[in-house]
Amino acid sequence: MKEILVTGGAGYIGSHVVKMLAKRGFVPIVLDSLENGFADFVKGHELIMGDIGDYGLLTNIFRKRKIECVMNFASYIAVGESVEFPLKYYLNNVAKTCELFRAMIECNVKRFIFSSTAAVYGYPTRVPIDEESPLAPINPYGRTKFMIEQVLRDLDEAYGMKFIALRYFNAAGADPSGEIGESHTPETHLIPLVLRSILDDNYVLTVFGTDYNTPDGTCIRDYIHVNDLADAHVLALEKLLGKGESTVYNLGNGRGFTVMEVIQTVKRVTGKEPKVTNGPRRAGDPDVLVASSTKAMKELGWKPSMADLETIVETAWRWEKQRKRKGW
Ligand code: UFG
């Protein structure tokens, strides 16, 4: 069975990928500092506690094990924080990730799956956004992901490192089991915060801007279920193992929802009234971000199976209730 190193595998998206890898016959080995991850999210899988910038640890793992491919989820992800503390982002998402690459090249591990983001497109010039759209990130977070995509191209050229970069749109939802899900501190994402406004008496969701150029004035985003993302990672892995060439794919459902529509969906699914107030725009939010994922569908045979926003919210709701019970 093929061993796959999943760095940041104890986090939100990583843990869903770990679960899917095991289901599809791979052996995930998780490397996580547990700074933002949870050992409980990868119960039953091998977990090595450590940092992607630890060259010695990584070369040790690569020499002892036969790692076929590395998937890296060990990134900081908060756009606002990246504006305030850019060095934190450049050090972890770029410099430490390069240390990981250095260890990979040293040990002849030459397949990599990269978590990229819609943020590499900045304010899009056309919607839906395809992979040929201009790359023009507008914040440090997006720039770190853009930079690593460039680094990967150079590593392919110089050392034959084959990579697939997956540009996620809005990852959302949780594994239907309710065992793993989204847990960020602080949480900045819309769906968990709308749910929080129902579960927490003291929390009111602020809608960031109601004067966007959209039908109800709130931003449109393309929400994609985390297990559909996980499925795309396994398909991308199978492509790379089958001698696939380096490339990039957008991952989204191709359908956008406004913030108001998300709030209405939460209300329908939970049967409860979210507590909401209108506020000013958040800096750096484009009006509309919707993916064209035609390339991933054609080349990977990817087809989202939980594309419906109600299903996405339902699974997120199941997780939120579960984690509240468990005190996570
Ligand atoms: N929003 C609110 N109130 C909140 C939180 C969010 O109104 O309390 C709005 C945002 O303004 C945005 C939408 O809900 O219009 C979605 O916001 P999220 O923060 O959930 O997600 P983003 O679209 O900002 O971010 C996502 C990923 C980022 C990535 C970005 C690419 O989470 O990692 O897409 O643009 F960088």
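1. A word to start with: Ala, Val, Leu, Ile, Met, Phe, Trp, Tyr, Cys and Pro count here as nonpolar, Asp, Glu, Lys and Arg as charged, and the others, Gly among them, as polar. With that in hand, look at the shell around the ligand: its residues divide into 13 nonpolar, 5 polar and 3 charged. Please keep in mind as you read that this is a predicted model.

2. Let us stay with the ligand. Which residues come nearest to the ligand, of the 21 around it? They are His189, Leu190, Thr206, Arg282 and Asp285. The most comes from β8, which gives 4 residues.

3. In the side chain of His189, an N or O atom sits 2.8 Å from an oxygen atom of the ligand. The side chain of Asn170 likewise has an N or O atom at 2.9 Å from a ligand oxygen. Thr188 takes part through its backbone, where an N or O atom is 3.3 Å from an oxygen atom of the ligand. As for cover, the ligand on its own has 690 Å² of accessible area, and the protein covers 91% of that.

4. Is each partner buried or exposed, or something in between? Asp285 has a relative accessible area of 13%, so this residue is buried. Arg282, at 39%, is partly exposed.

5. Side chains of opposite charge can pair when their charged atoms come close. How many salt bridges does the count give for this structure? The count comes to 21. One of them joins the side chains of Arg126 and Asp130, with 3.1 Å from N to O. Arg126 is partly exposed because its relative accessible area is 37%, which lies between the limits of 20% and 50%. Asp130 falls in this class too, as it is partly exposed with a relative accessible area of 24%.

6. Arg167 pairs with Glu149, and their closest N and O atoms are 2.6 Å apart. Where do the two partners sit? Arg167 belongs to strand β6 (residues 162–168) and Glu149 to helix α5 (residues 140–159), so the pair, 18 residues apart, links distant parts of the chain. Both Arg167 and Glu149 are buried.

7. Now to the aromatic rings, of which the structure holds 5 pairs. Phe38 and Phe41 have ring centres 4.9 Å apart and planes at 40°, so this pair is tilted. Phe38 counts as partly exposed at 29% relative accessibility, while Phe41 counts as buried at 8%. Phe41 has another partner, Trp319, in an edge-to-face pair with 5.7 Å from centre to centre and 80° between the planes. Why does this pair tie together parts that are 278 residues apart in sequence? Because Phe41 lies in the loop between β2 (27–32) and β3 (46–49), whereas Trp319 lies in helix α10 (residues 309–326). Trp319 counts as buried, with 1% relative accessibility. Through these ring pairs, Phe38, Phe41 and Trp319 are linked into a cluster.

8. Asp231 is in helix α7 (residues 226–241) and counts as buried at 15% relative accessibility. Asp231 and Val17 are 214 residues apart along the chain, and their C-alpha atoms are separated by 7.5 Å. Pro128 gives you a second example: this residue lies in the loop between β5 (111–117) and α5 and counts as partly exposed at 45%. Pro128 and Leu31 are 97 residues apart in sequence, and 35 Å apart in space from C-alpha to C-alpha.

Technical notes:
Residues are numbered from 1 along each chain as its sequence is written. This is a predicted model: local features need pLDDT of at least 70, side-chain atom pairs count only at pLDDT 80 or more; totals for chains, interfaces and linings use all residues. Side-chain values use heavy atoms; hydrogens and water are left out. A salt bridge is a side-chain nitrogen of Lys or Arg within 4 Å of a carboxyl oxygen of Asp or Glu. Buried means under 20% relative accessible area, exposed over 50%, partly exposed in between (1.4 Å probe, protein chains only). Helices (H or I, at least four residues) and strands (E, at least two) are DSSP runs, numbered from the N terminus. A residue is near a molecule or strand if one of its heavy atoms lies within 4 Å of it. A polar contact is a pair of N or O atoms within 3.5 Å; within protein, one must be able to donate a hydrogen and the other to accept it, and residues adjacent in sequence count only if both atoms are side-chain atoms. Accessible areas come from the Shrake-Rupley method with a 1.4 Å probe; for residues, only the protein chains shown count as cover. Rings of Phe, Tyr and Trp (its six-membered ring) pair if their centres lie within 6.5 Å; planes under 30 degrees apart count as stacked, over 60 as edge-to-face and the rest as tilted.
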